[in-house]
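Hi everyone, thanks for coming. I'd like to walk you through a structure this morning, and please stop me whenever you want to look at something again.

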Amino acid sequence: MGAAPADTLYLPVGSPVHRLPPQCKIAAVCCFVVLVVATPREAFPAFAAYALLLACVAAAGRVRPGHVLKRMLIEVPFVAFAVLLPFVAEGPRTDMLGLSVEGLWGAWNILAKGTLGVAASVLLASTTQLRSLLRGLERLRLPPLLVQIASFMLRYADVLAGELHRMRLARLSRGFDARGPRHWGVLAKTAGALFIRCYERGERVHLAMLSRGWTGTMPRSEEEAATRAEWATAACLPLLALLVCLGGWTL
Amino acid sequence: MTDPPPDREISLEVSGLAYAYPDGHQALFGVDLTVERGSRVALLGPNGAGKTTLVHHLNGLLAPGAGTVSVAGLPVTGEHLKEVRRRVGLVFQDPDDQLFMPTVREDVAFGPSCAGLRGEELASRVAKALRQVGMEAHADRAPHHLSFGQRRRVAVATVLASHPEILVLDEPSSNLDPAARSELAAILRTLRVPDADGRARRPTVLMVTHDLPYALELCPRSVVLSGGVIVADGGTQDLLGDAELMRAHRLELPFGFDPRSVTAPAG
């Protein structure tokens with residue numbers, strides 16, 4: 001059994017940020033991201049201010065910079081496209097290297113906004129357990145079906161990873177070594193077998209749910225609603241970001 | 001233990017049950033089985049005998065092709081399904097199928113909250129069920145962080161929380177190490193569940209297994225299901241001692257185990 005995905009992001013330290021109800025934190029991060037995206041790309045100081053705001057949240061949440069930076073690497077495959085832009089975009093070119101000006105702006109835009117968004121999400125995940133995130137989404141009235149799907153995914157991610165691991169060991173034990181396209185067929189069959197195993201497990205879980213009286217709706221968790229003070233605390237981030245955004249437009 | 005004298009109430013009555021899967025494969029060919037309330041019965045049979053198919057009829061997961069099933073006098077049909085599923089606590093073979101909620105506490109609460117319990121009453125049900133299987137210290141952990149034996153015990157707690165009249169356990173000893181195996185046996189032997197009047201009573205236990213020593217240890221009576229029919233029904237010690245019967249139905253005792261030389265613990 002490996003560590004659950006939940007455990008690699010969450011930092012179990014007590015802090016005011018950890019204690020905020022999840023729904024407040026989710027709403028704050030969403031508003032923050034929307035404001036960042038709405039900021040004109042030429043407003044460099046605004047982006048520095050956003051980064052500073054996130055640094056303050058990290059400090060309040062007792063999240064070390066290294067923890068956030070390491071986990072932000074997830075962004076790399078997604079920004080690969082942004083790096084291509086200066087080379088392939090049309091329009092006037094710079095004197096040095098002959099890069100497209102429009103492309104450079106586009107790349108900066110994606111990179112800056114993407115990085116801020118990812119940093120905010122990593123902070124949210126570092127200070128909120130996955131289970132509470134789901135409860136937060138439930139409280140924010142996300143369709144229950146979506147929350148249920150996410151919650152089953154969370155529960156069974158480990159079980160599936162375990163099955164995949166066992167299938168890999170079984171392949172290795174019989175002398176299989178994936179080298180090159182000739183072996184892709186075997187890997188594809190593994191994927192197919194895993195899909196069927198998942199499907200059958202899904203059926204068995206469904207039977208287990210029916211056996212215990214499930215009729216189509218999950219019991220709702222009984223959580224206290226967030227207080228006004230908690231909402232106000234969480235609102236600090238988007239409110240300050242709003243000021244920065246407005247500043248960015250008036251500069 | 002001072003139990004009320006055994007009464008003649010019937011927990012489970014299966015008569016003439018036959019079932020064929022939609023693909024045409026017939027698994028059951030007329031099963032008759034009566035289980036008295038408070039008794040512990042082992043359902044023995046080789047792989048592919050139809051044991052799981054039979055179990056899935058007991059709480060209406062499958063609807064009989066022919067014959068009837070009734071639980072505590074209630075026929076297992078559409079209008080009674082909800083009550084039947086509360087009364088029949090089905091513990092699946094793989095605890096990962098049974099434990100689908102993110103934490104142990106939520107999982108144990110699932111059954112009772114589907115039945116409409118909330119707040120204090122729900123919390124005390126959950127706490128009590130977890131205490132009965134010795135898992136109260138793990139209520140807030142995720143099921144996949146528990147050992148296999150602990151998961152099996154939580155799986156038992158998930159059905160105990162609904163105050164079932166019958167516990168149906170599918171291969172309860174599979175994958176357990178010897179210590180976890182005897183812990184579970186001790187739990188099953190001493191279990192008491194409140195009935196409708198709130199009296200603590202011994203639940204009826206139907207244990208599906210091919211772990212023959214375990215059947216002997218826990219169940220005074222056994223039935224053998226083979227080829228989709230009940231081929232033998234009697235005292236566990238007598239059945240296991242009948243070498244010819246055992247061989248004919250692919251049931252094999254562990255090497256060196258003589259069922260006549262041991263006395264099953266009372267309780």
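I'll take the helix packing first, then the contact between the chains, the cores, and a few single residues. Please keep in mind that this is a predicted model.

Let's begin in chain A. Find helix α3(A), residues 22–37, and helix α11(A), residues 228–250; their axes come within 9 Å and cross at roughly 5°. That angle is under 35 degrees, so α3(A) and α11(A) are roughly parallel to each other. Who touches whom here? From α3(A) we have C24(A), K25(A), A27(A), A28(A), C31(A), F32(A), L35(A) and V36(A). They meet a set in α11(A) that includes W231(A), A234(A), L237(A), P238(A) and L242(A). By class, the contact of α3(A) with α11(A) has 15 nonpolar residues, no polar ones and 2 charged ones.

Staying in chain A, look at α9(A), residues 144–173, and α10(A), residues 184–211. Their axes come within 11 Å, with a crossing angle of roughly 140°. The pair α9(A) and α10(A) is therefore oblique, and the crossing is right-handed. On the α9(A) side you'll find L160(A), E163(A), L164(A) and M167(A), and on the α10(A) side T190(A), A193(A), L194(A), R197(A) and C198(A). Sorted by class, the contact of α9(A) with α10(A) consists of 6 nonpolar, 1 polar and 2 charged residues.

Now over to chain B, please. Helix α4(B), residues 104–114, packs against helix α5(B), residues 119–132, at an angle of about 120°, and the axes are 9 Å apart. That makes α4(B) and α5(B) oblique to each other, therefore, and the crossing of α4(B) and α5(B) is right-handed. In α4(B), R105(B), V108(B), A109(B), P112(B) and S113(B) do the touching, and their partners in α5(B) are L122(B), R125(B), V126(B), A129(B) and L130(B). Split by class, the contact of α4(B) with α5(B) has 7 nonpolar, 1 polar and 2 charged residues.

In soluble globular proteins, nonpolar side chains tend to be buried together. Here, the largest nonpolar core has 72 residues, and those with the most contacts inside it are L43(B), V91(B), A157(B), V168(B), L206(B), M207(B) and A215(B). Helix α6(B), residues 148–160, supplies the largest share of this core, 6 residues. Let's zoom in on A157(B). Not counting residues up to four places away in sequence, A157(B) touches V108(B), A129(B), L130(B), Q132(B), V133(B) and M135(B).

Finally, some single residues. Most residues other than glycine have a negative phi. H163(B) has a positive one, near 55°. Where is H163(B)? In the loop between α6(B) and β7(B). Is H163(B) buried or exposed? With 21 other C-beta atoms within 10 Å, H163(B) is buried, because the cut-off for buried is 20 or more.

R250(B) also has a positive phi, near 55°, and lies in the segment after α10(B). R250(B) has 13 other C-beta atoms within 10 Å and is partly exposed.

My last stop is V101(A), in helix α7(A), residues 101–127. V101(A) is partly exposed, with 13 other C-beta atoms within 10 Å. Leaving aside neighbours within four places in sequence, V101(A) is in contact with G91(A), P92(A), R93(A) and T94(A). The C-alpha atoms of V101(A) and A89(A), 12 residues apart along the chain, are separated by 8.3 Å.

That's my tour, and I'm happy to take questions.

How values were computed. Residues are numbered from 1 along each chain as its sequence is written. Chains are lettered from A and ligands numbered from 1 in the order in which they are written. This is a predicted model: local features need pLDDT of at least 70, side-chain atom pairs count only at pLDDT 80 or more; totals for chains, interfaces and linings use all residues. Axes are lines fitted to C-alpha atoms, for helices over the stretch in contact, and angles run from 0 to 180 degrees between N-to-C directions. Helices (H or I, at least four residues) and strands (E, at least two) are DSSP runs, numbered from the N terminus. Angles under 35 degrees count as roughly parallel, over 145 as roughly antiparallel, 65 to 115 as roughly perpendicular and the rest as oblique. A crossing is left-handed if the near helix is turned anticlockwise from the far one by less than a right angle, and right-handed if clockwise. Two residues are in contact if their C-beta atoms, placed from the backbone, lie within 7 Å. Ala, Val, Leu, Ile, Met, Phe, Trp, Tyr, Cys and Pro count as nonpolar, Asp, Glu, Lys and Arg as charged, and the others, Gly among them, as polar. A nonpolar core is a set of buried Ala, Val, Leu, Ile, Met, Phe, Trp, Tyr and Cys residues joined through C-beta atoms within 7 Å. A residue is buried if 20 or more other C-beta atoms lie within 10 Å of its own, exposed if 12 or fewer, and partly exposed in between; C-beta atoms are placed from the backbone.
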